[in-house]
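Subject: Structure handover, side-chain contacts

Hello,

The structure is below, followed by notes on its side-chain contacts. Please read the notes with the structure open.

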Amino acid sequence: MAARTSSGKSSAKARPSYRCTECGNQLPKWVGRCPECNAWGTVEEYGAVPVRTTAAGPVSAPARPIAQVDGQVATARPTGVDELDRVLGGGLVPGAVVLLAGEPGVGKSTLLLDVAAKAATDRNRTLYVTGEESAGQVRLRADRIGALSDHLYLAAETDLGAVLGHIDQVGPSLLVLDSVQTIASAELDGAPGGMAQVREVAGALIRASKERGMATLLVGHVTKDGSIAGPRLLEHLVDVVLSFEGDRHARLRLIRGVKNRYGATDEVGCFELHDEGIAGLPDPSGLFLTRRAQPVPGTCLTVTLEGRRPLVAEVQALMVDSQIPSPRRTTSGLDSPRIAMVLAVVERHGGVRLGKQDIYTATVGGVRLTEPAADLAIALSVASSAANTPLPSNLVAIGEVGLAGEVRRVTGVQRRLAEAHRLGFTHALVPQDPGKVPPGMRVVEVADIGEAMAAIPGRRRSSAGSGGSGPAAEDGTAGGGRPARRPRSRASAGAGPDAGPAAGAGPADGAWELVEPEGAPEPF
C-alpha cells in the first residue's frame, strides 16, 4: 500500500536506483551489463532519485529582436593556415568549439601546433594544453616545424580543474587541447576517456569558451571503425566537427567538414606532410599524377570532386595472365565492390575478356576515389591495359557507368572540365549534355561504354598475345550480340578500313585511328 502524506495525497515509497559508473546511465534495477555503454560490472546502487523541479530564475540578458543583435562579435578570424580556414568557412569564430578527429599518426598534433603558433599575437594569446605528451616533447616538435612564439603558452595537464586554472591565468583567445580523451575531472568517477568523463570535460570547456569568447580546438580520438571515440553527444555539443584523413604511407592529408554551424560542410582542405611539418596545398593535383615522357597502357585521368574542390587524379590498371584457378582482383585507393561492377560492365558491354586475367587497379598519390564519376576512367584504363595501347595523354574521362553499359551524368561536370582545362588537358570524354564547355577544349559526348571505347585509340591483340582479349568479340559484337562500334583502322596491305574484327586482322602497326560516335565533334 502506498503511504499517505499529511496533505492526503499518496506518494510511492522511495526505492533505490542504480547508475553506471562508466557512462552515468541511470537504471531502475541492477543489471550485469550497462545497456548504454555495454560495460560489465559497472552498475552500482546509489540511493533514491530525488524529484527535482526547476523554478524560474533571473536571466543573464533580456531577449531582443534578432535584427538588433550585433553579429560583428561572431566574425571569423583567420588562423593563418589557408586550407584550414577554407574548411572552417573563413577562420575561427570567437567562442566556437571545434573538434578535430583522426587516426593516430595522421598529423593532428603537428597541424594544431602550427595553427596555435600562427594565431598567437601580442593581443591574442594562445594556450596549448597537452595531455598525451610532456612539455619538452611538444617543444621539440615546435623547434622542428618552426612553431615558436612568445605569445604561445604551453602546459601539460590531465586534470580538468588545472586546465581551467591555466585558462584563468593566461586568458587566451585560442585554446588547443590535445586531447579531450586524456583529460579527467576529479568530481566524477571513471577513467579518462570514459563517456561520463568526456561529457563532463567537453561541457566545462564549452561553457568556458562561450563565457570568454575563446575559440577552442579539441583533438579527438577515433575507434577501429573510424568513428569518434566517446559519447555521440560530444559531436552534438561542439560547433564544428572536422575529420583529418590520410594514408600514413603517403604525403597527402585531407580535412573534411562533418558539421559546421558557421559555414558549409562540402569544403576540403589539402595538406602535405613532410619532414619540416605540414603545409597547405592550394593546388594538390600534382600529387595525383605521374609525370612521363610518353603515355603508357593502363592509365587514364579523371577529375574527382572532394567537396567543392575539383582534383585531377590518375587511375591505373594492370592485367596479366592468371596462374591460379580464381583470378585476383586487387584494388588500392578504389572501392572494391565498385571495381567489380565496372569490370563486369566492361566485359559484358565492352567486349573485353577478363575471365582468365589477374586485374590490379590503383590510384596515384594516396588519393581515394569513391564517387561514381571515376567509373568511366576505370573502365578505359582496364580496356587500355587489355589492348596494351596507351590512351592520349591530354584526355580526361568523366562519367558514371551503369549496369546496362550506359554512361550517366554526374554533378559538377562544368567545374571538372574547367579544372582539367586549367591544367592543360584539351580533350574529354563525358556523358551527354555536359553544359558549357571551356573554350579551346574538345569534348566528346558518349552515351554508353561502347561509344566511349570507340572514341579512343585502341589495339587489337593478336591470337598469340596473352589472354587473347580485345575491345570486340570475334564475331563482330561487343558482348551480348549487339553490334560493336569499331574504330576505323589505318590503311595497310591486305586490310582496309572495313576489315573484320577477328584477332590478327588489324593494321600492321596495330594502331587505330580515332573515331567518334555519330553526331560528335571531329576526332582528337
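Glu83, Arg86, Asp266, Glu267, Arg308 and Arg309 are linked in a network of salt bridges, a salt bridge being a side-chain nitrogen of Lys or Arg within 4 Å of a carboxyl oxygen of Asp or Glu. This is a predicted model, in which local features need pLDDT of at least 70 and side-chain atom pairs count only at pLDDT 80 or more, while totals for chains, interfaces and linings use all residues. Residues are numbered from 1 along each chain as its sequence is written, and side-chain values use heavy atoms, with hydrogens and water left out.

One link in that network joins Asp266 and Arg308, whose side chains form a salt bridge at 3.4 Å, N to O. The two are 42 residues apart and link distant parts of the chain: Asp266 is in the loop between strand 12 and strand 13 (268-274), and Arg308 is in the loop between strand 15 (299-306) and strand 16 (309-321). Helices (H or I, at least four residues) and strands (E, at least two) are DSSP runs, numbered from the N terminus. Asp266 is partly exposed at 31% relative accessibility, and Arg308 is partly exposed at 41%. Here buried means under 20% relative accessible area, exposed over 50%, and partly exposed in between (1.4 Å probe, protein chains only).

The salt bridges come to 22 by the rule above. Among them is the pair Arg256 and Glu245, at 2.7 Å, N to O. Arg256 belongs to strand 12 (residues 252-260) and Glu245 to strand 11 (residues 240-245), so this contact ties together parts 11 residues apart in sequence. Arg256 has a relative accessibility of 25% and counts as partly exposed; Glu245, at 30%, is partly exposed too.

Another salt bridge is formed by Asp375 and Arg338, at 2.6 Å, N to O. Asp375 sits in helix 8 (residues 375-387) and Arg338 in helix 7 (residues 336-349), so the pair ties together parts 37 residues apart in sequence. Asp375 is buried, with a relative accessibility of 1%.

Phe244 is in strand 11 and Phe271 in strand 13, 27 residues apart, and the pair links distant parts of the chain. Both Phe244 and Phe271 are buried.

Regards
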